[in-house]
Amino acid sequence: NLTPTYIEATDTFQLARYKMAMPIDRNTLVRKTSIKHIIQLDMTDVCLTESWIHFKNGTGLVYSCRRVLGDDYPDLTDHLIIPKTSKAKLPKGLAAAAKLCSVFSSENKESNFVTLELRPGKLRIKGQGLSGDHTEIKQLAYNGPPLEVTISPKLVEEITKKYNECEISPDRLFVRGEHWTYISALELPRAERNTVAETVSEEVEEVTEEAHEDETTDDSSGD
């Protein structure tokens, strides 16, 4: 999503926004598979037409992308409001540890996640699959509350390679620069997901029982 003051993208699980002035007068939606090719072309000029956005570089090369029309892009502003978080300085070797953990976690085709346990001064990363598991413990510059989350091992690799600090809340991970913000949703640990499911199930049973009691009372009154 290109706007006059920033560009942004999301896949509903993660999002990024970069503040930059764009010489356009309205928001313009473009598919990532089209616009990604302008990176290596050193484009300097932009022009909008009814159905296209055109980029031009210093050599006169013009590259055009068809605009996505008719779709309303979600407003991501509320998601970019940073809640109370704890800062963490990512330890060296975490990318390699995540890669080893993914050997096992990748066996879970529909939920390829590793578990991160954060404690003041310590981080534990674990990947578990059908054939086994791998766990590593790293020293961590972190003074927040104990926290356990699950996250894609590939995402851990990419973040650790590019950045050495992040902010973490119970449900989101934030990486911020001077002009940009990156956010990724975090999965609840399996045990916590089960607890939530059990709680919901119990609440549903209570409501059902109450409704049954009300029906019984009504029947008795009718007699």
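Let's start with cavities: on a 1 Å grid over the protein atoms alone, a cavity is a set of points where a 1.4 Å probe fits but cannot get out, and by this rule the count comes to 1 cavity of 30 Å³ or more. The largest cavity has a volume of about 110 Å³, taken as the space filled by probe spheres set on the points, with grid points joined across faces, edges and corners. Two or more lining residues come from each of β7 (114-119), α3 and β12, and α3 gives the most, with 4 residues. Helices here are DSSP runs of H or I, at least four residues, and strands are E runs of at least two, numbered from the N terminus.

A word on the model: it is predicted, so local features need pLDDT of at least 70 and side-chain atom pairs count only at pLDDT 80 or more, while totals for chains, interfaces and linings use all residues. Residues are numbered from 1 along each chain as its sequence is written, and side-chain values use heavy atoms, with hydrogens and water left out.

Now, rings! The whole structure holds 1 aromatic pair (Phe, Tyr or six-membered Trp ring centres within 6.5 Å; planes under 30 degrees apart are stacked, over 60 edge-to-face, the rest tilted). Tyr163 and Trp180 form this tilted pair, 5.2 Å centre to centre with 40° between the planes. Tyr163 lies in the loop between α3 (153-162) and β12 (165-168) and Trp180 in strand β14 (residues 180-185), so the pair ties together parts 17 residues apart in sequence.

Note on methods:
On a 1 Å grid over the protein atoms alone, a cavity is a set of points where a 1.4 Å probe fits but cannot get out, and a pocket is an open set with protein on both sides within 12 Å along at least five of seven lines; lining residues have an atom within 4 Å of a point.
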